[in-house]
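Open the structure in your viewer and keep the selection tool at hand. This tour tells you what to pick next and what to look for there.

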Amino acid sequence: MTFYEKELDRIRDVVYSNEGQINTVIGIRNYIENNYDVDLNLDVLSHMQYVSKYHLLRLFKKYYGQTPRQYLIDKRIEKAKEHLVNDMSVTETCFAVGFESLGSFSTLFKRKIGKSPAKFQKEQLSRSKIDREF
Amino acid sequence: MKVTLISIPVRDQEKALQFYTEKLGFLKKKDLPLGGGNRWLTLVSKDWQDGPELLLEPAPLHFEPSKVFQDALMEAGYPWTQFDVDDVQSEYDRLINLDVEFSVKPTEMGTVKVAVFNDTCGNNIQLVEEL
C-alpha cells in the first residue's frame with residue numbers, strides 16, 4: 001500500500017465516516033442537479049431530506065465546501081453558458097435555468113464570467129464562425 | 001488575475017503529447033520551440049476548449065529538484081494533479097482497455113469517487129467524480 005493510499009484511508013475515516021450524513025448531502029446535490037431550473041430554496045431542500053434547514057446548510061458546506069445556494073448558482077451559470085453557446089436568447093436562457101429576473105441573471109453572470117450574457121454569446125458565436133471559416 | 005495554465009512536469013514531451021492526446025483525449029493548443037529541443041506545449045480539454053491549458057513542461061530534465069520532487073511523489077503514489085470526469089468507473093474501463101496502469105482503482109470517498117493512474121511520463125494523475 002502506498003503512502004497516498006494510506007492517506008485516502010485516513011481521510012475516509014476522519015471525514016467520511018458518517019454514512020447517513022453523506023447520503024443526505026448526496027441526495028440534496030442530486031436534487032439540485034435535476035431541479036436547478038425551478039424555484040429552489042433551503043425550505044424545499046430540508047423538507048425533502050427531513051432535516052432542519054440550518055443543519056442542512058452546515059452539512060452541505062461540510063462535504064461540498066460551498067453552500068447549497070452557491071452550488072445552485074454555479075450549476076445555473078454552467079447551464080446558462082451551454083444554452084447561450086447553443087444560440088438560445090439571453091431572456092430564454094435566464095428563465096430556462098431558473099432565474100426569475102433578467103437583471104439579477106445578467107448581473108450574476110457578469111460577476112461570475114467577467115462579461116454579460118449577451119457579450120459572452122456574441123464572442124462564442126463569432127469564435128465558432130471563425131473556426132468554420134479558417 | 002486569471003487562472004489559465006496548469007503545469008505538469010514530464011520526462012519526454014513528445015511521449016507525453018501522445019499519451020495525453022491519444023489516450024486521455026486532450027487536444028493540442030500551442031506548440032512552439034524554446035531551443036535545445038524544448039517546446040512550449042499546451043493542451044486543452046476537448047469538451048472545454050476555452051478552459052485552462054495544461055502545460056507539459058520538461059522541467060525534470062533540466063532542474064534536478066523538480067526531478068527529485070516528481071520521483072518522491074511517484075514513489076508515494078501521490079497524484080501530481082487531478083482531472084474531473086462524469087463517471088470514474090467508465091473512464092477507468094476505457095483507459096484499462098488502452099493499457100493505462102492504475103495504482104488506485106475506482107474508490108468511493110464520501111461525496112467523491114476517485115481513481116489514480118500512471119501517465120508514463122513521471123506522474124500519478126487522479127480522476128475525480130463528484131457524487
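pLDDT is the predictor's confidence in each residue, on a scale from 0 to 100. You need it here, since this is a predicted model.

**Stop 1: chain A, coloured by confidence**

Select chain A and colour by pLDDT. The average is 92. A score of at least 70 is reached by 100% of the residues. Now compare elements. Helix H3 (residues 42-49) of chain A has the lowest mean pLDDT, 80. Helix H6 (residues 90-96) of chain A has the highest, 97.

**Stop 2: the domains of chain A**

Stay on chain A. Select residues 1-65: the domain assignment calls this domain 1. Then select 76-134, which is domain 2. How far apart do the C-alpha centres of domain 1 and domain 2 of chain A lie? They are 29 Å apart.

**Stop 3: chain B as a whole**

Switch to chain B and show it as a cartoon. Count four helices and eight strands. Follow the chain along its sequence, and the order reads β-α-β-β-β-α-α-β-α-β-β-β.

Zoom out. The C-alpha atoms of chain B fill a box of roughly 45 × 35 × 35 Å along the principal axes.

Buried residues make up 24% of the 131 residues in chain B. Look at contacts with a separation of 6 or more in chain B: 51% of them join residues 24 or more positions apart.

**Stop 4: the largest nonpolar core**

Select B:Ala16, B:Tyr20 and B:Leu56. These have the most contacts inside the largest nonpolar core, which has 13 residues. Helix H1 (13-23), strand E3 (38-44) and strand E4 (53-57) of chain B each give two or more residues to this core. Which element gives the most? H1(B) does, with three residues.

Centre the view on B:Leu56. Set aside its neighbours within four places in sequence. Its contacts are then B:Ile8, B:Val10, B:Gln13, B:Ala16, B:Leu17, B:Tyr20, B:Leu41 and B:Leu43.

There is also a second, separate core of seven residues. Select A:Ala80, A:Val97, A:Phe99 and A:Phe109, which are among them.

**Stop 5**

Select B:Asp99. Its place is in the loop between helix H4 (88-97) and E6 of chain B. Is B:Asp99 buried or exposed? B:Asp99 is exposed, because 8 other C-beta atoms lie within 10 Å, and 12 or fewer counts as exposed.

Next, select B:Thr120. This residue lies in the loop between strand E7 (112-118) and strand E8 (124-130) of chain B. Phi of B:Thr120 is near 65° as well, again a positive value in a residue other than glycine. B:Thr120 has 18 other C-beta atoms within 10 Å, so B:Thr120 is partly exposed.

**Stop 6: where the chains touch**

Show both chains. The contact takes ten residues from chain B and 14 residues from chain A. Strand E6 (residues 102-109) of chain B gives the most to chain B's side, with four residues. Colour that side by class: five residues are nonpolar, five are polar and none are charged.

How values were computed. Residues are numbered from 1 along each chain as its sequence is written. Chains are lettered from A and ligands numbered from 1 in the order in which they are written. This is a predicted model: local features need pLDDT of at least 70, side-chain atom pairs count only at pLDDT 80 or more; totals for chains, interfaces and linings use all residues. Two residues are in contact if their C-beta atoms, placed from the backbone, lie within 7 Å. Ala, Val, Leu, Ile, Met, Phe, Trp, Tyr, Cys and Pro count as nonpolar, Asp, Glu, Lys and Arg as charged, and the others, Gly among them, as polar. A residue is buried if 20 or more other C-beta atoms lie within 10 Å of its own, exposed if 12 or fewer, and partly exposed in between; C-beta atoms are placed from the backbone. A nonpolar core is a set of buried Ala, Val, Leu, Ile, Met, Phe, Trp, Tyr and Cys residues joined through C-beta atoms within 7 Å. Domain bounds come from an automatic or database domain assignment.
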